[in-house]
Structure formats: structure tokens, C-alpha cells
Amino acid sequence: MEKESLLKITVLPNGPLKVEGKVELTLADGSKKERENPFLCRCGASKNKPFCDGTHAKIGFKD
Ligand code: FES
């Protein structure tokens, strides 16, 4: 039996979601990616969605 793990998700001010833990993400094309401690885009401008690529700072994203 697989052990369940807890995730901690923090909303970074004017930036991405900081996820602490191991997650499996389903992308828009249906493929899956497993990542540990990803930063997820919240501004919608990342060129590497669903991951943050730092574009939020360049476009002046404010939440
Ligand atoms: S939150 Fe960082 S690129 Fe969107």
C-alpha cells in the first residue's frame, strides 16, 4: 500500500503557487508529469505552463 503524503501550497504574492511535495499533473494535452516542489503559474503568461517561468515579474503581474 502506497503511503499518502501531504502537500503544502503557498500563494506567493504577485507570483506563482509554490507547491511543496510530490505531485502528478495532467497537462492540457492529457499527458501527465510528475514533479517535486513545482512552482505553478498563476498569471497565465508562462511559456512553460503549468509551470512558472518567471514571466510574471516581467509583465508586472499583481494579484
Ligand atoms: S506566475 Fe510566474 S510565469 Fe505566471
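Modeller: A nonpolar core is a set of buried Ala, Val, Leu, Ile, Met, Phe, Trp, Tyr and Cys residues joined through side-chain atoms within 4.5 Å. The model discussed here is predicted.

Colleague: Which residues make up the largest nonpolar core?

Modeller: Of the 63 residues of the chain, 22% count as buried. The largest nonpolar core has six residues in all. These are V19, V23, L25, L27, L40 and F51.

Colleague: Does T55 count as buried or exposed?

Modeller: T55 lies in helix α1. Its relative accessibility is 12%, and buried means under 20%, so T55 counts as buried.

Colleague: With which side chain does the side chain of T55 make a polar contact?

Modeller: Leaving aside neighbours within four places in sequence, T55 is in contact with A45 and S46. The polar contact of its side chain, at 2.5 Å, is with the side chain of D53.

Colleague: How far apart do the centres of the positive and negative side chains lie?

Modeller: The C-alpha trace spans about 45 × 25 × 15 Å along its principal axes. The chain has 12 positive and 9 negative side chains. The centres of these two sets are separated by 8 Å.

Technical notes
Residues are numbered from 1 along each chain as its sequence is written. This is a predicted model: local features need pLDDT of at least 70, side-chain atom pairs count only at pLDDT 80 or more; totals for chains, interfaces and linings use all residues. Side-chain values use heavy atoms; hydrogens and water are left out. Buried means under 20% relative accessible area, exposed over 50%, partly exposed in between (1.4 Å probe, protein chains only). Lys and Arg count as positive and Asp and Glu as negative; His and the chain ends are not counted. The place of a charge is taken as NZ of Lys, CZ of Arg, CG of Asp or CD of Glu. Helices (H or I, at least four residues) and strands (E, at least two) are DSSP runs, numbered from the N terminus. A polar contact is a pair of N or O atoms within 3.5 Å; within protein, one must be able to donate a hydrogen and the other to accept it, and residues adjacent in sequence count only if both atoms are side-chain atoms. Contact means heavy atoms within 4.5 Å.
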